[in-house]
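Keep the 3D view open as you read.

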Amino acid sequence: MSWIREGELNLIEKLSANILKAGPMPKHVAFIMDGNRRYARKRQVERQEGHTQGFDKLAETLRWCLNLSIHEVTVYAFSIENFKRSKDEVDGLMELAKQKFIRLLEEQDNLEKHGVCIRVLGDLTLLPLDLQQHIARAVVATRTHNKCFLNVCFAYTSRHEIANAVGEMAWGVEQGLIKSSDVSEALLSRCLYSSNSPNPDLLIRTSGEVRLSDFLLWQTSHSCLVFQSVLWPEYSFWNLCDAILQYQLNHRPLQKARDQHREGQALQQHEADRACLADLLQHHGNGKPLDAQRRREALLNYTASREERVQDFLGALQALVRSGTDVGRLGLS
Amino acid sequence: MAIVYEFVWQVLHVLLHIHRTLITWFRIRLRNWNGRLWSRALTALIVPMALSFPNQKNIVPAPGKRVDRRYRWGADGKSLEKLPDHIGLLIAEEEPRYTDIANLVVWCMAVGISYVSVYDNYGVFRRDNSRLMDEILKQQQELLDLEGSKQLCVEFLNNGTDKQDQQVLSCQSVLKVLSPDDGKLRIVQAAQQLCRAVEQRDKTSKDINVTVLDSLLRESKSTPDPDLVLKFGPVESTLGFLPWHIRLTEFISLPSHVGVSYEDLFSALQRYASCEQRLGK
């Protein structure tokens, strides 16, 4: 299969994998695949060749992830900022992407066999129309697969993603589906492009740069960040193992930080619900103060109704997005 | 077979833990040993003031030397190819040492960095900000021989107003004390504000974009995003530090803020100066 290289690990690799798997393993790994152009300069080949080798390395890395039982991978393939590059390079990358998606669609049987679900995250309206259509076909074709997940960030920046999520919540308010007071961290997370995935446990950036470059800023706030100096097309199984080892060393403190954050979030939501209820009673109540029992019941009712509103909104949003993918991109009416 | 793998894994992690502990121990010993060597060399020889030498904490500096250090640190800052406009000090350790953090803040100011943010995962600095401020003022006097609050303005990250902009202009450096609430929670609050505007028909959902959200999240028009974050501690994560603002921030990790020296800070700044930002191109 072109997107996931066939093959198994050799004996030493298998042994190392088994040792690593004795400890906590990341379920979702994100990659910033940096270094293709520097690799091309180093090898004195064309830039486009660097990008092609980068794609081959992705296929190999996905194979290793499957061998290590990592079932969800997110990759930063093309940033909105990358449109600033020369027209030749951008066109070359778009053409490469188109070829790869066409190839993917030809391998439907293999995709079904491996249960691969492809999702593409980003502002796809910025891409050439034919590429949008190929992407839509690939996403629709693999939508029901659930053994492993590959999220490709294309025409993506994290700030656009967050702003888009806020815009969607504002749409919900406009439609009367939710109130502005229903906006919360949890709801925002569910409006992001990545809402169907858990947050990445591990983020790896290659080529020695030590920044996030507008990638998954919201989702990686408590992820293990590993910066490796190897160039992406030269990435090896041992680099991946090294990153996973770093994840294992950081596992406990990060788990603690995540739990603490979640508790704080729950407390904030509880306080917000109380404040909203107090507001509601003040405006719509009959003036008589409620006793503790009644207040508890009222709070529970308010929380339940808020959650119901949110569910209805998310359902409506999903239907809208899905129809946008099918109808808009495939040119159906 | 699974038991064998688990055993090997445990051994591996014990070895890594010992390795990490030994490195930390050696680092501290080496610095102390270096320090003693230097101080002996200095007392033995007559070294001209022009030569820079490692700053010794156990030697109480005479007032004249403090002024020299201030100029040296300023010169160091100017000698770098680029200096961050805004530096973040992310303390990812359980127990913060206020003196060390105050030292870091004072050194950053002396080197010429305009905005310094201090952050910890538990929000301790935010809650206990007066203690941090007292320590910083004390170290300012100790290290730089500066009195009063002329050189340092403290700003707590809250809704920026024009009034705050005016205050900032009169300061050489601005200190921000941040907590996790300034991260995701702040973004959620901005989102609520925009949704309320939509509810009241002041805006439509189509009006919401990156620029609009960014202007709400920018505390004051002049405050830049952090260019550099120095992370102190073994945990490899941003731990909720300003998710919106760190899109182009360089992250440099230092083992610990406890006993950190000016040289540690300066070598991190040198590393920052040599990095190249292509901004997508």
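Start by finding Arg85(A), which sits in the loop between strand E2 (72-79) and helix H4 (87-106) of chain A. Keep in mind that you're looking at a predicted model. Is Arg85(A) buried or exposed? Its relative accessible area is 17%, and the cut-off for buried is under 20%, so Arg85(A) counts as buried.

Now look at what Arg85(A) is doing with its side chain. The side chains of Arg85(A) and Glu89(A) are joined by a polar contact of 2.9 Å, and the pair also qualifies as a salt bridge (2.9 Å, N to O). Side chains with opposite charges can pair up when their charged atoms come close. Glu89(A), like Arg85(A), is buried.

Which residues does Arg85(A) touch, if we skip those up to four places away in sequence? Within chain A they are Arg37(A), His51(A), Val90(A) and Leu93(A), and from the other chain come Gly280(B) and Lys281(B). With Gly280(B), a polar atom of the Arg85(A) side chain lies 2.9 Å from the backbone oxygen. That brings us to the place where the chains meet.

The contact between the chains takes 58 residues from chain A and 56 residues from chain B. Together the two chains bury about 4,900 Å², and 60% of that is on carbon and sulfur atoms. On the chain B side, Tyr5(B), Lys184(B) and Arg247(B) supply 15% of the area buried against chain A, more than any other three residues. Lys184(B) has a partner across the way too: its side chain meets that of Glu185(A) in a salt bridge (3.9 Å, N to O).

How many salt bridges are there between chain B and chain A? The count is nine. Across this interface you'll also find 29 residue pairs in polar contact. Which parts of chain B each supply at least two residues to the side that touches chain A? They are helix H1 (2-44), helix H7 (184-199), helix H8 (210-217) and strand E6 (250-254). H7(B) gives the largest share, with eleven residues. Sorted by class, this side of chain B has 25 nonpolar, 13 polar and 18 charged residues.

Let's zoom in on one pair that crosses between the chains. The side chains of Glu250(B) and Arg211(A) form a salt bridge (2.7 Å, N to O). Glu250(B) belongs to strand E6 of chain B, while Arg211(A) lies in the loop between E5 and E6 of chain A. Both of these residues are buried.

Asp34(A), Arg38(A), Arg205(A), Glu209(A), Arg211(A), Glu250(B) and Arg278(B) are linked in a network of salt bridges. One of the links is between Arg38(A) and Asp34(A), whose side chains meet at 3.5 Å, N to O. Asp34(A) has a relative accessible area of 13%, so it is buried, whereas Arg38(A), at 22%, is partly exposed. Over all chains, the salt bridges come to 37.

Leu216(A) has a positive phi of about 45° although it is not a glycine. You'll find Leu216(A) in the loop between strand E5 (202-205) and strand E6 (224-227) of chain A, and with a relative accessible area of 2% it is buried. Over in chain B, Leu242(B) also has a positive phi, near 30°. Leu242(B) sits in the loop between strand E5 (228-232) and E6 of chain B, and at 4% relative accessibility it counts as buried.

Finally, step back and look at chain B as a whole. It has nine helices and six strands, and 47% of its 281 residues count as buried. Among contacts in chain B between residues at least 6 apart in sequence, 71% join residues at least 24 apart. The accessible surface of chain B comes to about 14,700 Å², with 57% of it belonging to carbon and sulfur atoms.

For a last stop, find Ser267(B) in helix H9 (residues 262-273) of chain B. At 39% relative accessibility, Ser267(B) is partly exposed. Now look for Arg196(B), 71 residues away along the chain: the C-alpha atoms of Ser267(B) and Arg196(B) are separated by 47 Å.

Notes:
Residues are numbered from 1 along each chain as its sequence is written. Chains are lettered from A and ligands numbered from 1 in the order in which they are written. This is a predicted model: local features need pLDDT of at least 70, side-chain atom pairs count only at pLDDT 80 or more; totals for chains, interfaces and linings use all residues. Side-chain values use heavy atoms; hydrogens and water are left out. Contact means heavy atoms within 4.5 Å. Buried area is the accessible area (1.4 Å probe) that two parts lose on being put together, summed over both. A salt bridge is a side-chain nitrogen of Lys or Arg within 4 Å of a carboxyl oxygen of Asp or Glu. A polar contact is a pair of N or O atoms within 3.5 Å; within protein, one must be able to donate a hydrogen and the other to accept it, and residues adjacent in sequence count only if both atoms are side-chain atoms. Helices (H or I, at least four residues) and strands (E, at least two) are DSSP runs, numbered from the N terminus. Ala, Val, Leu, Ile, Met, Phe, Trp, Tyr, Cys and Pro count as nonpolar, Asp, Glu, Lys and Arg as charged, and the others, Gly among them, as polar. Buried means under 20% relative accessible area, exposed over 50%, partly exposed in between (1.4 Å probe, protein chains only). Accessible areas come from the Shrake-Rupley method with a 1.4 Å probe; for residues, only the protein chains shown count as cover.
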